[in-house]
Amino acid sequence: MTYEEMINIPPYSLDADEKEKLLTDRLTKLTKLHQKNCPEYARMLGAVNFNIEKIKSYKELPFLPVRLFKELELKSVVSEDVVKTMTSSGTTGQAVSRIYLDRTTSSNQQKTMVKIVSDFTGSSRMPMIIIDCPGVIKNRAMFSARGAGILGFSVFGAKKIYALDDDMKLDVDGLKEFLKKYGDQRILLFGFTFMIWQHFYKELLRLKEKGITFDLSNGILIHGGGWKKLVSQAVSREEFHERLKDVCGLEHIHDYYGMVEQTGCIYMECQYGHLHASIFSDVITRRPGDFTEACMGEPGIIQVVSAIPESYPGHSLLTEDEGAVLGVDDCPCGRKGKYFKINGRLRNAEIRGCSDTYADKFEA
Amino acid sequence: MTNLEKYTKVFEETFSVSAKEAQSLKYQDIEAWDSVGHMGLVSALEDAFDIMLDTDDIIDFNSFEKGKEILAKADYGVEF
């Protein structure tokens, strides 16, 4: 099956067996493609005597550590075909990943992301409040993960405003005016977890004490980028939800998990607080000792696979995050596929994630 | 101004190209028409024709020609 055909399958419609067949077929093809077109990747497979003919499931395919994209220029297309280079968010002084995209991969990322998010928001576009500053998408040739996230979600926005200025100050008048015009419609809000807390929630709270309030009860908030800083400030998911509801009536909140190395395949959180894998990607939790697959509920290192990457060998990656699979095909929200939670970063791993790298600049 | 002139003008203004260049333009042919420029084009077209494109149409909109087909659909009813 080509990716064109795959993209027309509803993202949460296949049960475990059907999905395993689909992903094994696609990911085996991608492994062959990258082995043929990316010499570094081929050498790595050679070094472990990898034999693709023996593969029965995508779970047996080799995975690269995400860090490798910081150290090596890994691509499976010629430089002329690269239309966009994306970089990971990193704290100052950290090396960043470089992900090379050709037209096909770039367009499949956006298409996939739209299919996944539409399953949660519907496909109609909404007035959109971006809880970030406009400066983030200024440098267009080099895309940061933060800019890519904002831009990816912008497709769902009809009229848009940036809620923060380039000094990360809340644009109170702009927000007021926007809500006066569109407040009776369903509004999409998008941002990164720590920025929302630090520059949006805290400011709304301060304004509320002065008697200035905003009603966002028609809003649906999608946020991502990591919890590390908020966990260190003892703000749990529950508290994040409760406090936002208190301050502006915002009730529909979805976290997502994703990374620039596999843009497009994001894992959206449902109303039960579970992150869901769509048919376009999967997570496998692995035991740190021997990398065997962890059992349901057992914490392990997260491996992610994505059916999208054709221009770089990033279809199977070992992350530096720890999490646990909570169930398969039986979430009460009705979506099929695996659902899981993220516990946090592995110890000694670098700080990354759009929210956490930004937050690193702030004292606790 | 005909719809085609209006449509072409949006391309000219959004991407700083001539009318002739605009007519053969495809997504990512030029630096200005990248993913950021694309969203700019969408909102400029929406303002010019007072329409709102569906997400799927925004994604499928990958050339000057394809855009005309999309806008001509019954949902938007722009005649060329």
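This is a predicted model: local features need pLDDT of at least 70, side-chain atom pairs count only at pLDDT 80 or more; totals for chains, interfaces and linings use all residues.

## Helix 1 of chain B and its partners

The buried residues of helix 1 of chain B include B:Y7 and B:T8, together with B:V10 and B:F11. Viewed down the axis of the helix, these buried residues fall within an arc of 150°, so they line one face of helix 1 of chain B.

The length of this helix can also be checked. Helix 1 of chain B covers residues 3-15, and its 13 residues, at 1.5 Å a residue, should span 18 Å; the end C-alpha atoms are 18 Å apart, so the two values agree. Just after the helix, B:S16 takes a positive phi of about 50°.

## Chain B as a whole

Chain B holds five helices and zero strands. Read from the N terminus on, the order of its elements is α-α-α-α-α.

For 80 residues, a compact globule would have a radius of gyration near 12 Å, and the 11 Å of chain B agrees with this. Along the principal axes, the C-alpha atoms of chain B fill a box of roughly 30 × 30 × 20 Å. Of the 80 residues in chain B, 26% count as buried. Among the contacts in chain B with a separation of 6 or more, 43% are accounted for by residues 24 or more positions apart.

## The contact between chains A and B

Chain A gives 15 residues to the contact, and chain B gives 11 residues. On the side of chain A that touches chain B, the elements that give two or more residues are helix 5 (103-121) and helix 6 (145-154) of chain A. Helix 5 of chain A provides the largest share of that side, with five residues. By class, the residues of chain A on this side divide into seven nonpolar, four polar and four charged.

## The two domains of chain A

The domain assignment of chain A gives domain 1, made of residues 9-81 + 267-347, and domain 2, made of residues 109-257. The C-alpha centres of domain 1 and domain 2 of chain A lie 28 Å apart.

Between these domains of chain A, 13 residues of domain 1 are in contact with 14 residues of domain 2. On the side of domain 1 of chain A that touches domain 2, strand 10 (267-269) and strand 15 (338-345) of chain A each supply at least two residues. The residues on that side of domain 1 of chain A comprise eight nonpolar, three polar and two charged.

A:Y201 has its place in helix 8 of chain A, which covers residues 193-209. Is A:Y201 buried or exposed? A:Y201 is buried, because 20 other C-beta atoms lie within 10 Å, and a residue counts as buried at 20 or more.

Leaving aside neighbours within four places in sequence, A:Y201 is in contact with A:I196, A:R243, A:L244 and A:V247. The C-alpha atoms of A:Y201 and A:C248 are separated by 8.8 Å, although these two residues are 47 residues apart along the chain.

Terms used:
Residues are numbered from 1 along each chain as its sequence is written. Chains are lettered from A and ligands numbered from 1 in the order in which they are written. Helices (H or I, at least four residues) and strands (E, at least two) are DSSP runs, numbered from the N terminus. A residue is buried if 20 or more other C-beta atoms lie within 10 Å of its own, exposed if 12 or fewer, and partly exposed in between; C-beta atoms are placed from the backbone. Two residues are in contact if their C-beta atoms, placed from the backbone, lie within 7 Å. The expected span of a helix is 1.5 Å times one less than its number of residues. The arc is that of the directions from the helix axis to the C-beta atoms. Ala, Val, Leu, Ile, Met, Phe, Trp, Tyr, Cys and Pro count as nonpolar, Asp, Glu, Lys and Arg as charged, and the others, Gly among them, as polar. Domain bounds come from an automatic or database domain assignment. The radius of gyration is taken over C-alpha atoms; the globule rule is 2.2 Å times the number of residues to the power 0.38.
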